[in-house]
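The sequence and structure follow.

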Amino acid sequence: MARPLRLEFAGALYHVTSRGNRREAIYESDDDRRLFLGVLDDVCETFNWICHAYCLMGNHYHLLIETPEGNLCHGMRQLNGVYTQSFNRRHGRVGHLLQGRYKAILVEKEAYLLELARYIVLNPVRAEMVRSAVEWPWSSYRATVGCEPDLNALFTDGILLVFDNQRGRAIACYERFVAEGKHQPSPWSRLRNQVYLGSEQFVDEMQKRVDDADRLLEIPSAQRRPLSKPLDDYVQMTSSRNEAIVKAHASGGTV
């Protein structure tokens with residue numbers, strides 16, 4: 001079966017998961033979890049990501065990531081690559097730590113931001129590892145309710161502001177919302193085309209983006225370039241012959 005197309009654009013929101021190779025553990029200690037969160041912090045800063053929620057499990061992780069610059073693939077390559085290299089150095093290993101490609105679901109923010117943020121932090125509760133989300137130290141829940149400092153990457157206000165513009169009231173509403181979600185059905189029953197979570201209108205709009213990205217071009221790229229100018233024209237436009245050569249080459253012409 002063909003892999004789903006990666007659709008990237010400014011402002012996209014994704015639920016991202018990645019699993020251990022052969023479903024094996026990707027953290028052997030709390031130090032490994034702290035290492036992963038440090039790498040996540042760096043990636044969010046480098047790629048200008050907004051992390052709304054996260055949860056580190058035994059052999060996989062969940063992220064709710066917004067990409068203002070439409071660069072999920074590049075950031076994920078760095079996140080998984082740097083963490084794998086660091087993990088292998090720490091434990092004297094070689095080879096793959098994570099299984100194949102990560103999975104990214106494109107999410108309609110207005111409809112599913114809160115539901116997915118709740119789903120993510122309730123993972124250890126559903127797995128019966130803890131009784132309540134606050135007991136699990138490796139998710140964004142504790143930072144969101146103010147029990148511990150935020151990661152630099154974590155933007156808790158994005159979740160809390162949906163409930164109230166006063167932090168204390170917003171946190172109380174968020175705590176109730178998460179507690180009520182323990183027995184709610186999984187949002188994945190509403191997944192469309194393997195990669196979309198949203199309304200029919202949202203799916204249609206995303207599919208149009210895919211169609212535009214996949215559209216065949218009638219004119220070869222070489223013929224779409226403006227005609228190159230003689231080198232002497234570039235010499236007159238620049239301060240040195242070397243700069244003129246660089247500009248001429250960049251135009252697609254020959255020097």
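## Helix α3

The model is predicted. In helix α3, the buried residues are Tyr112, Leu113, Leu114, Glu115, Leu116, Ala117, Arg118, Tyr119, Ile120 and Val121. That makes 10 of its 13 residues buried, and the helix is mostly covered.

Helix α3 spans residues 109-121 and lies across β1, β2, β3, β4 and β5. Its direction runs at about 155° to that of β3. From first C-alpha to last, α3 reaches 17 Å, close to the 18 Å expected at 1.5 Å a residue.

## The sheet

The strands β2-β3-β1-β4-β5, in that order, form an open sheet of five strands with mixed pairing. At the edges stand β2 and β5 (196-197); each has a single partner strand, so one side of each is left without a neighbour in the sheet. Strands of a sheet pair through backbone hydrogen bonds, either parallel or antiparallel.

The pairing of β2 with strand β3 (residues 60-67) is antiparallel and covers six bridges. Within this part of the sheet, Leu56 stands opposite Tyr61 in β3. Helix α2 also packs on the sheet, where it touches β1 (12-19), β3 and β4 (103-107). The direction of α2 makes about 145° with that of β3.

## Cys51 in strand β2

Cys51 belongs to strand β2, which covers residues 50-56. The relative accessible area of Cys51 is 0%, so this residue counts as buried. Leaving aside neighbours within four places in sequence, Cys51 is in contact with Leu40, Cys44, Leu64, Ile65, Ala153, Leu154 and Phe155.

Cys51 and Leu63 are 12 residues apart along the chain, and their C-alpha atoms are separated by 7.2 Å.

## Asn88 in helix α2

Asn88 is found in helix α2, which runs over residues 72-91. Is Asn88 buried or exposed? Asn88 is buried, because its relative accessible area of 11% is under the 20% cut-off.

Once neighbours within four places in sequence are left aside, the contacts of Asn88 are Arg93, Val94 and Gly95.

Key
Residues are numbered from 1 along each chain as its sequence is written. This is a predicted model: local features need pLDDT of at least 70, side-chain atom pairs count only at pLDDT 80 or more; totals for chains, interfaces and linings use all residues. Side-chain values use heavy atoms; hydrogens and water are left out. Helices (H or I, at least four residues) and strands (E, at least two) are DSSP runs, numbered from the N terminus. Buried means under 20% relative accessible area, exposed over 50%, partly exposed in between (1.4 Å probe, protein chains only). Contact means heavy atoms within 4.5 Å. Two strands pair if DSSP finds at least two bridges between them. Axes are lines fitted to C-alpha atoms, for helices over the stretch in contact, and angles run from 0 to 180 degrees between N-to-C directions. The expected span of a helix is 1.5 Å times one less than its number of residues.
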